[in-house]
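Here is a short report on charged side-chain pairs.

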Amino acid sequence: MSKPVVLIAEQLSPATVDALGPDFDIRDVDGTDRPALLSALAEADAILIRSATQVDAEAIAAAPRLKVVARAGVGLDNVDIKSATQAGVMVVNAPTSNIISAAELTVGHILSLARHIPAAHASLAGGAWKRSSYTGTELYEKTVGIIGLGRIGALITARLQAFGVNVVAYDPYVTANRAQQLGVTLLSLDELLAQSDFITIHMPKTPETTGMIGTEQLAKMKPTAYIVNVARGGLIDEAALFEALQANVIAGAGLDVFVSEPPKDSPLLALPNVVVTPHLGASTDEAQEKAGVSVARSVRLALGGELVPDAVNVAGGVIDPYVRPGIPLTEKLGQVFSGLAGSAITSLDVEIRGELVDYDVSVLKLAALKGVFSNVVTEQVSYVNAPLLAEQRGVAARLLTDPESPEYRNLITLRGALADGSQVSVSGTLTGPKQIEKIVEINGFDVELPVAEHFIVMLYTDRPGIVAVYGREFGEADINIAGMQIARQSAGGQALSVLTVDSRVPDELLETVRTAIDATLLREIDIVLD
């Protein structure tokens, strides 16, 4: 039998090839030479790339034997994940390969700002000797605020505590127990902004977090404070940051990422109180080697038909075909669950009922955790790191099965507790020959509606005229309601309205509706669809 062909399309470390081992026919190709790439893909079972090789729909179509695309790094902008999934090709990356490098770069930016190192270097290299112009500040006994206390945030905390700083953090999905373990004080975002001498942001980039640090937030910072962003471009409103720096609203900023990269003609580059680097978060020899070795191991697993830890689309061949359609549904239920939660989760039960329990459904617990954390952490969430993310945040997760399912052939329920003692639940099922994904229960209320991209969930006291009130508010704001379900447990008691809408709803409008109907719960939930 011939060996599976593994194509290496860009320069990778020798350790990467060693990690692949002797079981494959390893071939090299220049991934930027399009004709050569397409020709080589005709016999490839796997391809290893970095950032220069474009694996798009054309490339995938040229590779009838391809089973896995492995990106030796974090970003996947050069891989058409949708086309790969449709073709049954697994896409893997190395989501944790750069976390130490990113944490260390963050500390480097903080030190550079505190001691004016880049400006002092440029001055001295230019022939000047201006010691008094570059008087800095010690980190000792200063307060460092970390926005997003995930794995990178925790690494930064450990490193900065050696400087004798006080670390505070804002992360609505981290429990008090987890923060206490790290020696961190949890604060509201406004409190963190007001108290911190240095602020570093480590959040995922979502519609909610884009521009989360704007004019209003910058105005709440100390005039002597500095802010650092090595996470994602756009988390800080660049126009607002420029105005704040120019007007000395804050003392300075350190930036490794930008909305547009490279940041051509950005006025931020000309400011003397800004330290910039060209997206170097993963640019260390160690991070690159870790990335290569990580994806080489994933390729071995994928070509061996095993569950792949860092698959970013569909998990591999050990999943029974009867269970497989439940994976994307469960991930979406996880997204709904975290959207309903709105605060730290302390426990999560994944309950599987019906015929599914005759199969190995352990992957559904992983899918649930992957969905829960996909929009609340900065790391790429995968089947292997989702349980670790839960453990780090003190979330106790269980898989429960029951062959009895009175109402549906199969039922998947996510049920959990929050730090404030409240409970959240959401259930879903697959219906009909086309296996349509439906949500059939939210917080104990029976509903039945297809999974959509934008949901509005409202809980209020049942009384006449409520539908007319929120219908008018959404209509006047040109928000189209595509579907609606109302559930109640008794007349005059609590009622739950679930709307599907065609576009995101501004926060101001949600607050207007909340006040108008006196809602005890009002959430917009955005789901990443396949």
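## Overall count

The whole structure holds 22 salt bridges. A salt bridge here is a side-chain nitrogen of Lys or Arg within 4 Å of a carboxyl oxygen of Asp or Glu. Side chains of opposite charge can pair when their charged atoms come close.

This is a predicted model: local features need pLDDT of at least 70, side-chain atom pairs count only at pLDDT 80 or more, and totals for chains, interfaces and linings use all residues. Residues are numbered from 1 along each chain as its sequence is written, and side-chain values use heavy atoms, leaving out hydrogens and water.

## Asp56 and Arg34

Asp56 pairs with Arg34; their closest N and O atoms are 2.6 Å apart. Asp56 sits in the loop between strand 3 (46-49) and helix 3 (57-61), and Arg34 in helix 2 (residues 34-41), 22 residues apart. Helices (H or I, at least four residues) and strands (E, at least two) are DSSP runs, numbered from the N terminus.

Asp56 is partly exposed at 26% relative accessibility. Arg34 is partly exposed too, at 24%. Buried means under 20% relative accessible area, exposed over 50%, and partly exposed in between (1.4 Å probe, protein chains only).

## Lys222 and Asp197

Lys222 and Asp197 form a salt bridge, 3.0 Å from N to O. The two residues are 25 apart in the chain, and each lies in a loop. Lys222 is partly exposed at 26%, whereas Asp197 is buried at 12%.

## Arg504, Glu208 and their network

Arg504 meets Glu208 at 3.0 Å, N to O. The pair ties together parts that are 296 residues apart in sequence. Glu208, Arg504, Glu524 and Asp526 are linked in a salt-bridge network.
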